[in-house]
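Me: Hi! I'm new to this one and would like a quick tour. Could we start with the aromatic rings?
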Amino acid sequence: MYDSENGLQILASNNDAALRVFDAATFKLITRYDYPWAVNFTAMRPGSSLAAVVGDDKLTHLTDIKTGHTEMNLEGHHDYSFAADWHPAGNLLATGNQDTTTMVWDVRLPSTPLAILAGRMGAIRSVRFSPDGRFLAMAEPADFVHIYDVQSGFTKMQEVDIFGEISGISFTPLTDAFFVAIADITYSSLLEFERFSPSDEALGEPWSALSFPLATPITVP
């Protein structure tokens, strides 16, 4: 979902090899763009009509959502992509792939990725930049979430080792908490991680802007 010059619109990516744009108020189809492969995810660049379109293709397609024209392709992944997200500033793009990596791109220098972040065991199914732009989180299909410090140039990382199939991740709007949804048939739950604050350092707790310590899990019936 994103704000366009014509109001709030919804992007729908689908395995039927199509990207559809709907009006959020009426749910009417505005336009449809067809691809020769399944479209797995689409992410809008902040303040722009440019969308990152990924799917069953090794390339990341940067497409003008107004015209359907692909402005450029990003080449680097070795398999199909499942996820994409833009940094709030709009110049960095993260793409999660079945080759078990997340690639971070500076679209001003698109010839090569700015960083290649490896997972531990599986495809990268979800990527999210925090709303304040400080962190990048990437989730594997199960057990592992990796949270990178963007300001460090992606050299600092905290690994969250949990148990179960991961269905999604998300930061809160103020980046004061981070959520992991577990879809395991036995251990379905929503895990909340709270970000350390500077006051914790005064209490003798180890201060790290990269830490999201586990709080009480919220169990979903």
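This is a predicted model: local features need pLDDT of at least 70, side-chain atom pairs count only at pLDDT 80 or more; totals for chains, interfaces and linings use all residues.

Me: What kind of pair do Tyr-35 and Trp-37 make?
Reply: A tilted one, because their planes are at 40°, and planes under 30 degrees apart count as stacked, over 60 as edge-to-face and the rest as tilted. The ring centres of Tyr-35 and Trp-37 are 4.9 Å apart.

Me: Is Tyr-35 buried or exposed? And what about Trp-37?
Reply: Tyr-35 is buried, at 13% relative accessible area. Trp-37 is buried too, with 10% relative accessibility.

Me: How are the rings of Phe-171 and Phe-178 placed?
Reply: Their centres lie 4.8 Å apart and their planes are at 50°, so this pair is tilted. Phe-171 and Phe-178 are both buried, and together with Phe-193 they form one aromatic cluster.

Me: Nice. Which ring does the charged end of Arg-125 sit over?
Reply: The ring of Phe-82, with the charged end 4.0 Å from the ring centre.

Me: Switching topic: how much space lies in the largest pocket?
Reply: About 620 Å³. The lining of this largest pocket has 31 residues, and Met-1, Tyr-2, Leu-11, Met-44 and Arg-45 are the ones nearest its centre.

Me: Which element gives the largest share of that lining?
Reply: E5, with 4 residues. That strand covers 39-44, and others giving two or more residues include strand E2 (7-14) and strand E9 (81-86).

Me: And what's the lining like by class?
Reply: The largest pocket's lining has 15 nonpolar, 10 polar and 6 charged residues.

How values were computed:
Residues are numbered from 1 along each chain as its sequence is written. Side-chain values use heavy atoms; hydrogens and water are left out. Rings of Phe, Tyr and Trp (its six-membered ring) pair if their centres lie within 6.5 Å; planes under 30 degrees apart count as stacked, over 60 as edge-to-face and the rest as tilted. Buried means under 20% relative accessible area, exposed over 50%, partly exposed in between (1.4 Å probe, protein chains only). A charge sits over a ring if NZ of Lys or CZ of Arg is within 6 Å of the ring centre and within 35 degrees of the ring normal. On a 1 Å grid over the protein atoms alone, a cavity is a set of points where a 1.4 Å probe fits but cannot get out, and a pocket is an open set with protein on both sides within 12 Å along at least five of seven lines; lining residues have an atom within 4 Å of a point. Grid points are joined across faces, edges and corners, and a volume is the space filled by probe spheres set on the points. Ala, Val, Leu, Ile, Met, Phe, Trp, Tyr, Cys and Pro count as nonpolar, Asp, Glu, Lys and Arg as charged, and the others, Gly among them, as polar.
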